[in-house]
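Trainee: I have a structure open and would like to learn how to read it. Where do we begin?

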Amino acid sequence: MNPFSSSTRLRDMIRSIRACKTAAEERGVIRKECADIRASINENDPHDRHRNLAKLMFIHMLGYPTHFGQMECLKLISSPGFPEKRIGYLGLMLLLDERQEVLMLVTNSLKQDLNHTNQYVVGLALCALGNICSAEMARDLAPEVERLFQFRDPNIRKKAALCSTRIVRKVPDLAENFVNAAASLLKEKHHGVLITGVQLCYELCTINDEALEFFRKKCTEGLIKTLRDITNSTYQPEYDVAGITDPFLHIRLLKLLRVLGHGDADASDLMTDILAQVATKTESNKNAGNAVLYECVETIMAIEDTNSLRVLAINILGRFLSNRDNNIRYVALNMLMKAIAFDDQAVQRHRVTILECVKDPDASIRKRALELVSLLVNENNVKQLTKELIDYLEISDEDFKEDLSAKICSIVEKFSPEKIWYIDQMLKVLSEAGKFVKDDVWHALIVVISNASELHGYTVRALYKAVLTYSEQETLVRVAIWCIGEYGDLLVNNMGMLSIEDPITATESDTVDVIENAITRHNLDMTTKAMALVALLKLSSRFPSISERIKEIIVKQKGNLLLEMQQRAIEFNSIVDRHKNIRSSLVERMPVLDEAAFNVRRAGSLPASVSTMAKPSVSIPNGVTAAPLVDLLDLGSEDILAAPSPSGADFLQDLLGVDLGSSPASGATPAPKAGTDLLLDILSIGTPSSAQNSTSSIDLLSTADTNNNPSTALDTLSSPTPPHIATTVSAGGMFDLLDGLSPSPSKEATSGPTYPPIVAYESSSLKIEFSFSKQSGNPQTTNVQATFINLSPNTFTDFIFQAAVPKFLQLHLDPASSNTLPVSGNITQNLRVTNSQHRKKSLVMRMRIGYKVNGKDVLEEGQINNFPRGL
């Protein structure tokens, strides 16, 4: 006999497959067996049909395609015998799912079997329907399933309840049909029927508000009685798990009570006693008991309850934190984060245990505990908690230092009682984990230092001592270099001494040694070295006695391999040699920055400006590097795209006494003035080439760290933007740190004919609506307010909207109201469109939206053709 013939039994095929020594040999066996099964299917032999389907199910479980056997399932289901139906329904559940069109052919067979006289056939049909039911099948078969709630056999009633759960999930409109039937199941004595009835009631309550009110009024007391009976019942070996009576029914009842009690004071009062009883009587030394306790805690936190019961729940979570099981500790930390909103003081009592969890070897527990600690911090305990975290920062793993240092910096910035304490803590963090600190953190530190004039001497001395010990921490080195350049004379002369510090001996030469060491260290990037050169230039004015040594250090950099360093060295040497008369005024101390406005700007900062390089590619702020915008928007070379609105520079002119040039008109960008070069030299950011154009002032404290070349920091400053690209841009890097002083767009009074709003674009995750208005006396210009609505369950970050129009249109975009689009929220953005062919041609626009979802870049594109007539 051929071992691979259609008559081969299932066990023989399994033995043959298991005997294969290689994957290729196994594929050969499967291929031959599938060929024999196909041949048998073509012969339409009913005797081998059940055997073939059994083989196909095993082959499917091995991961091989078995779609050719789907119709065999339907033929077996329509067979009159129970054995054939059983294997047919099993194959149906395994080989098909609700997305298969073939499934629609089985609806009639299911309807017949649900009305079958044999209860076992009815059970098969319910199992299949509960596993693969689609929305269409649910609507067709819901009446048959509802009728089976009255079936004499409890197993059928149990399966009908489970099947109904699937139906109401697929078609919530059918929920009201099952309310009365589900309520009757809560009075059942049969355990299986009761637990499935509770689950069905839970689904109905979460889906339908009317069902929730019905169960809240009719069933709450009965559910409480059932839970009390289970809690007080004696040992039942059939449902006992590790000494806990029926934990599964326990948990189902608690979940249903949680839904019923949420937002209803009367229902919550009824269940207070039983929840306290469950919380105190359930043992916590077994996993089943911990599961019941956790569900009880969640219910207590969700219902309208008194503080005493919540304190009991939080104490249970505190015991969980001492458990050896990592999963139990993790869920306890999660629940405590929610509990803070209800009773902060009760959670504070477990602060010591939570701090120990920050030091846990498990990374997930460490991160969750750190988040919880940050929520526990307030003005009263900030010093104690910060000390604990900084002490642990010294010995923590490298992988955890980034998260820990970021959280410490956030805590210190938010709850700092005084500036000197803030500076001390930030210096400790920079000393221990400076390479993990983000740029905006040390930028903020410099702003604080700039504002604390009475602490300039104290700060520069502290930084000098720290940088001698922790010279490998680059961020610390940057802050130290900046402060030494600004306040080096205070360091040498021990000026501004505080009573809490001891004087140090630091000569002018020692101070320059620190700067020179930063320039010569090979592991520091070019931004740090460029800042060091600027610091030397400033010290040449503050320390005239060693200006020759400073000049020698600067001259050495003329031979640097990087053009940026060469250029700085040449320019600074020229200032030291030939322009001594203006040097002191040129390198005087930086003006004090507006700390409050900087913090506001930092908290609500827009994305960085979109810039284009020499090649016509567009770099979107959220990190998506796109193809050329004109190509992506299907525009020809003659199509016109609107330019971003320019930012004002009056504040820079007042601050620096230089002319930065007037605002560009019609999308053209002027060449940078001498004032811009001077600003860049002072701030040690980089010098733009004379052939390059500037679209925004550089961020006061921003640095570049791309390809170890600080000149890339000027990408947003000096790269030419092609005319007519409409992009939402931030109001210039300088204004990011100079307190957002860019002029707000003026709101022009509009009047004229009204136009209906339109839905310009809609996808599964995003909806864009346009509303229109006209300026009086200017019919060619249309003001458009775009509203972006988030339809997804995720928050969109780094949101940016771009648009392109034909050449007969001119488009102007104002910045959006925010770059973060919250769940179910919206942001707005104003557009102004001028139609030179008014009443001759209609508006048309292509647009592109970029944003991030959970750190992943997303791009959406579309064309808008449904503008109202007359625009």
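Mentor: We will go through a helix pair, a single helix and a sheet. This is a predicted model, where local features need pLDDT of at least 70, side-chain atom pairs count only at pLDDT 80 or more, and totals for chains, interfaces and linings use all residues. Residues are numbered from 1 along each chain as its sequence is written, and side-chain values use heavy atoms, with hydrogens and water left out.

Trainee: How do I read two packed helices?

Mentor: Use the angle between their axes and the distance between the axes. Helices here are DSSP runs (H or I, at least four residues), strands are E runs of at least two, and both are numbered from the N terminus. Axes are lines fitted to C-alpha atoms, for helices over the stretch in contact, and angles run from 0 to 180 degrees between N-to-C directions. Take helix 23 (residues 398-415) and helix 24 (residues 419-433): their axes come within 10 Å and cross at roughly 170 degrees. The two helices are therefore roughly antiparallel (over 145 degrees).

Trainee: Which residues of helix 23 and helix 24 make the contact?

Mentor: Contact means heavy atoms within 4.5 Å. Helix 23 brings Lys401, Ser405, Ile408, Cys409, Val412 and Glu413. From helix 24 come Trp421, Tyr422, Gln425, Met426, Val429, Glu432 and Ala433.

Trainee: Now a single helix. Which residues of helix 30 are buried?

Mentor: Buried means under 20% relative accessible area, and exposed over 50% (1.4 Å probe, protein chains only). In helix 30 (residues 547-556), Ser547, Ile550, Ile553 and Ile554 are buried. They span an arc of only 120 degrees around the axis, which puts them on the same side of helix 30. That arc is taken from the directions from the helix axis to the C-beta atoms. Glu548, Glu552 and Lys556 are exposed on the face turned away from the buried side. The cover over the buried residues includes helix 28 (508-520), helix 29 (526-542) and helix 31 (563-578).

Trainee: And how do I read a sheet?

Mentor: Strands of a sheet pair through backbone hydrogen bonds, either parallel or antiparallel. Two strands pair if DSSP finds at least two bridges between them. Here five strands form an open sheet, in the order 6-7-8-11-10, with antiparallel pairing. Strand 6 (758-762) and strand 10 (809-813) are at the edges with a single partner strand each, so one side of each lacks a neighbour in the sheet.

Trainee: How many bridges join strand 8 and strand 11?

Mentor: Nine, between residues 778-790 and residues 826-835. Ala786 stands opposite Gln829 in strand 11.

Notes: Angles under 35 degrees count as roughly parallel, over 145 as roughly antiparallel, 65 to 115 as roughly perpendicular and the rest as oblique.
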